[in-house]
Amino acid sequence: MKFLSITVLTLCLAITSCGSFFKPKGWPVAVTPSDESVSHLGEHVKFTGSGIRLTRQERALLTFLDSEQNITASAGKKPRPGTHQWSAAEIYRVDPGKHISVLCENGYQQTAVYFHYDDDEKTWFRVKHLGENHDRGVPAVVVK
């Protein structure tokens, strides 16, 4: 009996610790870049240098992040009506066109979310980290 309770506890801990990396319902989302969304989030983007224009795939990711539903799912949270909503506070172009780090916040909490772009699949993947050996991640945004 003790073995069974330890096994169940271990399984529960594994599920809850990986919860934010389950594929959210409706992902991946096919996105065409929107100038309005890009303008809205543009002030939150931290550029790696002056004169570097946003790539098409970055513009698609900004369009995706301009949705409360998408940013909440990216942060691994569930929408809770009547509470502070999640938003993208800062967006860092770690490697332009390839790696993006997003600081999400809801007014009380902050969490970092990382995206890696795969050229072959034309898809942004939500990954656990941006190190050299990052995981495959969860497909989030298909660039149209």
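Me: Which element gives the largest share of the lining of the largest cavity?

Reply: Helices (H or I, at least four residues) and strands (E, at least two) are DSSP runs, numbered from the N terminus. On a 1 Å grid over the protein atoms alone, a cavity is a set of points where a 1.4 Å probe fits but cannot get out, and lining residues have an atom within 4 Å of a point. Here helix 3 provides four residues, the largest share of that lining; helix 3 (56-65) and strand 3 each supply at least two. This is a predicted model, in which local features need pLDDT of at least 70, side-chain atom pairs count only at pLDDT 80 or more, and totals for chains, interfaces and linings use all residues. Residues are numbered from 1 along each chain as its sequence is written, and side-chain values use heavy atoms, with hydrogens and water left out.

Me: What is the volume of the largest cavity?

Reply: A volume is the space filled by probe spheres set on the grid points, which are joined across faces, edges and corners. For the largest cavity the value is about 50 Å³, and the structure holds one cavity of 30 Å³ or more.

Me: Why does Arg-93 count as buried?

Reply: Buried means under 20% relative accessible area, exposed over 50%, and partly exposed in between (1.4 Å probe, protein chains only). Arg-93 counts as buried because its relative accessibility is 3%. This residue is found in strand 3 (residues 87-95).

Me: Which side chain forms a polar contact with that of Arg-93?

Reply: A polar contact is a pair of N or O atoms within 3.5 Å; within protein, one must be able to donate a hydrogen and the other to accept it, and residues adjacent in sequence count only if both atoms are side-chain atoms. The side chain of Glu-58 meets that of Arg-93 in such a contact at 2.8 Å.

Note on methods: 1 Å grid on protein atoms, 1.4 Å probe; cavity = no way out; pocket = protein on both sides within 12 Å on 5 of 7 lines; lining within 4 Å.
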